[in-house]
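Trainee: Please take me closely through one part of this model, the packing of its helices and the cavities among them. Plain terms will do.

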Amino acid sequence: MDAAEAPPQKATTGPHIKNLSKLRELLWAQKRELEEPDTPEIEFTYKDTNNYLTEIGEFYCYLEHTEFLEYRLSYEEYKLSIGSDGNYLWSQSTEKEHKKVILRLLDDLDSADSGVRDSSCRALLYIALGVYGECNTEEVLEKWAIDNCFLLYKYQVFQACIHNLGREIDAVFYGEDQTSDITYDIRISIIVSIGNNENQLESHNQVLKDNFLYELGRPISPGNEILAKTLFEIILKFCSGSLGEISIKKTLLLLWKTILVSLGGTDKLHQLNQEARRAANLEEWKDDKTLPNILPLKPQFPSFLMSSADALADVRKTEERGKFPNKALLLKPKVRQIDIDNFLEKARLKFLGYTLNGDNSTDAGLPTSIIEGLKVLKLYLYVSLGEWQLKNEQKLTHNANQNIFKDEVTDNPTEILYQSILPKIQQYMIALLKILLVASPTTKSKSESFNIIYEVVPKVSPPTMRQTLKVAVDAERHKEIIIEAVSALILLLLKHFKVNHILQFEHMAQNLVFANCIPLILKHLNQNLIEVLTVKDSCANLLTNVTIDPSGTENLEFPACVLNSVNVSSPDDRDNPVYSWRGIFSCINLARILQKLTKWKPSRIMMLVVFKSVPILKRALKLKEETLQLYLLKLIKPQTRFLGRNWRKSNMKVISMIYQRVRHHLNDDWVYGVDQDSHPWGYQVEENNLKAQIERFNNRRYTDTKVEVLPECLPYDNNLISVLAKEVHFADSFKKHYDEWLDNEVYQRNLNWDSLLTS
């Protein structure tokens with residue numbers, strides 16, 4: 001056969017072959033990334049608090065489990081002192097006998113003898129914890145703990161502990177106090193037992209709970225201050241180094257639970273938001289939520305890059321997982337008024353050559369397609385409560401006929417809290433962030449002015465390896481609880497301030513941003529969350545190798561430590577790791593805080609871009625928890641327009657997840673590199689304008705004397721008698737030429753003064 005008749009050979013060189021090889025390498029790299037060891041999907045229910053006994057257990061460290069015996073012994077000694085026989089049981093006594101015991105212990109709480117006071121505190125705490133010596137199961141212990149806390153509040157034990165708070169802090173400052181931790185424990189037990197109790201209560205207990213919630217948000221602590229303000233002051237003194245011997249973990253937990261109970265959780269926030277929208281005559285927004293079976297997105301590869309076996313394996317995996325989702329949108333899209341204004345402005349400029357400032361309804365001369373698009377946008381128009389409050393604030397500030405000093409301020413717990421912490425809100429936020437920084441696992445040990453784990457570290461070095469390991473585990477658990485409390489506290493305050501008034505929220509948010517909250521949260525998220533959030537604090541995994549008894553390990557957490565429960569670990573438990581509830585809860589809170597600080601704020605979104613947050617957030621997406629992934633995607637979404645085309649091409653999986661899970665805003669071109677809302681040179685001006693607006697709001701609403709109010713915030717006096725009664729000082733030049741002014745401005749003008757005054 002001639003060479004001319006030979007079949008054509010496939011080309012092995014050329015630019016198209018090189019491009020094809022590069023494409024093959026790129027697709028195989030993406031496939032290898034997707035085929036990395038996959039983490040299981042985490043079933044996590046995000047809510048305000050954990051279960052009751054876990055919350056109580058977080059209040060105690062592992063070193064304190066020996067003190068539970070002391071509490072019980074103090075109670076037993078008290079029974080002997082009142083002549084009771086050894087067969088007396090709290091669970092078999094009447095409420096009248098309970099009252100007698102509580103009132104007797106309450107009298108001893110004010111004794112001049114410190115030993116009597118200490119013994120009384122321990123006995124009361126034993127009662128508040130459910131007289132665990134008479135309980136065999138967690139259910140029985142929980143029942144008696146809640147019932148006893150209602151009795152302690154009914155007979156004024158909680159009020160007595162609150163009024164002794166100032167004395168305890170002074171004693172800690174001078175190094176004389178020994179009972180502050182115990183009274184802290186009594187307070188937190190009562191607050192958690194009564195405030196977070198969602199069970200159906202009897203009528204008399206429901207009345208007690210309503211009274212408790214009312215009192216907790218009003219001034220009840222020493223100095224006629226609310227309890228939250230007193231606790232904020234304790235935290236501030238701790239961070240300044242003034243109170244080194246106080247448990248900051250218990251203080252933060254007590255502050256978090258106090259604000260959560262007094263202001264309310266997620267359900268209360270939703271109720272307050274709906275009531276505020278109805279009061280403002282805003283339409284109720286109903287989300288058409290659907291819950292499809294969301295699968296991890298897996299791009300399809302061309303067939304020439306995959307063997308038939310690989311393709312068949314992928315099909316089988318898909319069939320094993322379940323059916324494909326039939327819906328992608330989870331929430332109804334929203335449109336802001338500014339989006340409609342921008343849409344109309346561009347359309348008029350393009351088709352008509354002019355704009356109408358302030359007119360968002362006229363569609364004369366516009367094409368039919370534009371008019372139809374405008375109708376669609378208006379169909380999904382959503383006016384948030386914050387936008388309405390800002391417009392109302394502008395009216396109060398700029399309307400000369402409105403006496404702005406008579407602005408209606410509602411007397412609710414959120415407003416009382418904001419007014420109490422307003423003078424030092426910046427210092428409080430800095431103190432919380434300093435504690436969060438020290439507790440973060442990514443922070444290297446440095447010489448700080450305060451020690452957050454002093455109560456965990458024993459005064460004497462542990463004698464055995466087991467004790468040393470126990471202290472190390474307890475220290476990590478201690479820091480996790482602190483991060484949980486700080487993150488939940490900041491998020492709770494932001495949400496309540498946003499519902500109460502948007503500028504209260506903006507004031508707190510701006511203080512957080514100026515205190516470097518954004519890089520601090522990114523620093524916390526910049527770690528291997530899958531490894532960090534694996535449960536290590538039960539001591540079952542870490543102490544198994546040094547446990548003498550092969551059947552299990554002792555459980556050092558309350559209530560297991562008082563019920564003599566034992567952890568039994570199996571190989572299956574080690575192969576299937578359990579994730580820490582408080583760790584995931586803290587990560588979700590921090591992601592939500594970051595999202596609230598940066599939402600619709602171009603300057604703060606640019607901070608995320610400058611700090612290179614996208615790789616950090618993308619790495620955190622590997623933790624397959626639905627709520628956490630949602631807020632991480634919300635943080636990535638506004639940054640995509642600044643990341644360039646190459647990033648979007650190589651991260652189509654993330655882009656698809658955003659399209660599938662995050663709410664859409666019509667006419668929002670977030671995926672393209674176009675930034676319409678802001679300019680780089682206007683970022684600093686934006687923050688300064690917001691700061692000035694916040695200052696005007698605070699001065700107008702929370703300043704009693706008019707001398708301290710900004711000049712533009714002073715009202716006009718339109719009362720004729722009041723104006724004529726004021727003494728007017730004229731300049732010397734005006735007095736010198738007064739006759740000329742009188743002739744030119746009065747005598748030569750024909751004015752009907754009667755008509756002018758009546759109009």
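**A helix pair and the cavities**

Mentor: In this predicted model, helices H11 and H19 are oblique to each other. H11 covers residues 227-239 and H19 covers residues 425-439; they pack at an angle of about 60°, and their axes are 9 Å apart. The label follows because angles of 65 to 115 degrees count as roughly perpendicular and those under 35 as roughly parallel. The crossing of the two helices is left-handed.

Now the side chains. From H11, the residues in the contact are Lys229, Phe232, Glu233, Ile235, Leu236 and Cys239. They meet Gln427, Tyr428, Ala431, Leu432, Lys434 and Ile435 of H19. By class, this contact has 8 nonpolar, 1 polar and 3 charged residues.

The model has 3 cavities of 30 Å³ or more. H12 (248-263), H20 (465-500) and H25 (581-598) each supply at least two lining residues, and H20 gives the most, with 4. The classes here are 7 nonpolar, 2 polar and 3 charged.

The second largest cavity holds about 50 Å³. Among the residues that line this cavity are Leu216, Ile226, Ala228, Thr258, Leu263 and Pro413. H12 and H18 (413-421) are the elements that give two or more residues, with the largest share, 3 residues, coming from H12. This lining has 6 nonpolar and 3 polar residues and no charged ones.

Methods: Residues are numbered from 1 along each chain as its sequence is written. This is a predicted model: local features need pLDDT of at least 70, side-chain atom pairs count only at pLDDT 80 or more; totals for chains, interfaces and linings use all residues. Side-chain values use heavy atoms; hydrogens and water are left out. Axes are lines fitted to C-alpha atoms, for helices over the stretch in contact, and angles run from 0 to 180 degrees between N-to-C directions. Angles under 35 degrees count as roughly parallel, over 145 as roughly antiparallel, 65 to 115 as roughly perpendicular and the rest as oblique. A crossing is left-handed if the near helix is turned anticlockwise from the far one by less than a right angle, and right-handed if clockwise. Contact means heavy atoms within 4.5 Å. Ala, Val, Leu, Ile, Met, Phe, Trp, Tyr, Cys and Pro count as nonpolar, Asp, Glu, Lys and Arg as charged, and the others, Gly among them, as polar. On a 1 Å grid over the protein atoms alone, a cavity is a set of points where a 1.4 Å probe fits but cannot get out, and a pocket is an open set with protein on both sides within 12 Å along at least five of seven lines; lining residues have an atom within 4 Å of a point. Grid points are joined across faces, edges and corners, and a volume is the space filled by probe spheres set on the points.
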